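Hello,

Here is the structure you are taking over. Please look it over first, then read my notes below.

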Amino acid sequence: MLYAKVVLGLPVEGPFDYSVPASLYRKIKVGMRVWVQFRTRKMLGYVVKLTRRTNIQNIKPILEIIDESPILDKNTLLLTKELSNYYGCSWGEAVETALPEGLRKGKVVFTSNPCVPKLQQNFPRVSNNEILLIHDLNRTSRWDIYIQEIKNTLDNHKSVIILLPDIDLVMKTKEIIQTKIGLSVSVAVLYRQQKQELRQRSDVKNGKFNIIIGTRSAIFAPVNNLGLVIIDKEEDSVYKQDQVPHYNAREVAFMRINIEKAKLILGSTSPSLESIYLAKTGSIKYILLPRIRDFPQIKIIDMRSEQYNFKQRNIILSRYLEDSITQTLNAKGKTLLFLNRRGFATFASCRYCGIVLKCPRCNINLVYYFKDNILNCHYCNFKMTPPQICPNCNSGYIRYLGMGTEKIESELSRVFPEVRIRRLDNPKD
């Protein structure tokens, strides 16, 4: 009698034993999806082991095999098992995290025999796994190292996985790779909610692509003979999944390269504290790429001392900033001032009762615009004419406090009346 140990995408410990009907003896393999009865429900499960023995009485049979061939290889099963142990989730939940939605819902995928032989069958794996942290102060210099390492990996007939924080960067990186290495290189793009995710994953598994670029979930890409993993902007919080299991793609990458004996490169302009600690303790290698240009001078001004020294309240521009602008103007240069607040005043309040005028829908402060003489909500675009008297205590004085770009423009016009000034409140301006 043959039995299958099956895990389910539920927060319960497994695997669970099911008997294999005689008609499925020759078809069933480890890594396949199957339909089983779990209590009173028909559920999708994943075969993680086949055995001839079981201690379970009145064991239920497997109802149906979904796949023609396994969708989970040995390395993926090892990775998901380690992930479940590390993050305290069930093995089935870890398996489903590694699979696209279509496979989790039981969609049938017909696999084909690729014309290109699988890389892992023809070439030996690397003998050791190396982890490298690139601290790039020049922002883009690390990509020269990435490209060179990708070329070396491809020359050794191995595959590459590149992770990036968002889809826009994924598409830009694909263009960079094809420009730097050549259009002939086969590049696949993988991310959740992709229309052709199942097709792309199947092609990757069949060895049609040797470079995979994607977001967090691409760390589970079923590549053949993995040789290199690159995680750019490795400190980004987007690599941490919010749903169970709450895995971090960087930690999963550590697990995977240990299993598949590949190389891992972490790159960033400001690495995470975890990576810096590993570099300082010698657990991983560290490369610092210094800036080609010096950092710009930054000076922090305490405006409280400005008010004390000049016996003036509500100073907008410090004396140091005024002098710097003057020097720039004398040198025929231009000055850019940034303030992340639109309008003239950020809130309006009554001087006597202290009530702050808020949006009736959003309950946030209304922003005063001097040019249009309106109070505006930046959330829902509610607008109203500023009241002449306080709606709470009927006093006749409403004061406008806080500072926006309109007030900065007004102050610059007063201090530098001969200078042309342009305010940009909208990216389309």
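This is a predicted model: local features need pLDDT of at least 70, side-chain atom pairs count only at pLDDT 80 or more; totals for chains, interfaces and linings use all residues.

Six of the six residues of β11 are buried, so the strand is largely enclosed by the rest of the structure.

What pairs with β11? Strand β10 (residues 226-232) does, in the parallel sense, over five bridges with β11 (residues 263-268). V229 stands opposite L264 of β11. I230 has I265 of β11 as its bridge partner. Strand β6 is also joined to β11 by five bridges, and β6 and β11 run parallel. There, H135 stands opposite S268 in β11.

**The sheet**

These strands belong to an open sheet of seven strands with parallel pairing. The order is β8-β9-β7-β10-β11-β6-β12. Which strands stand at the edges? They are β8 (187-190) and β12 (285-289). Each has a single partner strand, so one side of each is left without a neighbour in the sheet. From one strand to the next, the twist averages 15°.

**Helices on the sheet**

Helix α4 (residues 142-155) packs on the sheet. It touches β6 (131-136), β7 (159-163), β9 (211-214), β10, β11 and β12. The direction of α4 makes about 165° with that of β10.

Helix α5 (residues 167-181) packs on the sheet too, and touches β7, β8 and β9. The direction of α5 makes about 155° with that of β9.

**Helices α1 and α7**

Next, a helix pair. Helix α1 (residues 74-87) and helix α7 (residues 249-260) pack at an angle of about 140°. Their axes are 10 Å apart. The two helices are therefore oblique to each other. The crossing of α1 past α7 is right-handed.

Which residues meet? From α1 come N75, L78, L79, E82, L83, Y86 and Y87. From α7 come E251, V252, M255, R256, I259 and E260. The residues of this contact divide into eight nonpolar, one polar and four charged.

**Helix α11**

One last item. In helix α11 (residues 405-415), the buried residues are T405, E406, K407, I408, E411 and L412. What do they pack against? The buried residues of α11 pack against α10 (319-330), β14 (367-369) and β17 (398-401).

Over to you.

Technical notes. Residues are numbered from 1 along each chain as its sequence is written. Side-chain values use heavy atoms; hydrogens and water are left out. Axes are lines fitted to C-alpha atoms, for helices over the stretch in contact, and angles run from 0 to 180 degrees between N-to-C directions. Helices (H or I, at least four residues) and strands (E, at least two) are DSSP runs, numbered from the N terminus. Angles under 35 degrees count as roughly parallel, over 145 as roughly antiparallel, 65 to 115 as roughly perpendicular and the rest as oblique. A crossing is left-handed if the near helix is turned anticlockwise from the far one by less than a right angle, and right-handed if clockwise. Contact means heavy atoms within 4.5 Å. Ala, Val, Leu, Ile, Met, Phe, Trp, Tyr, Cys and Pro count as nonpolar, Asp, Glu, Lys and Arg as charged, and the others, Gly among them, as polar. Two strands pair if DSSP finds at least two bridges between them. Buried means under 20% relative accessible area, exposed over 50%, partly exposed in between (1.4 Å probe, protein chains only).
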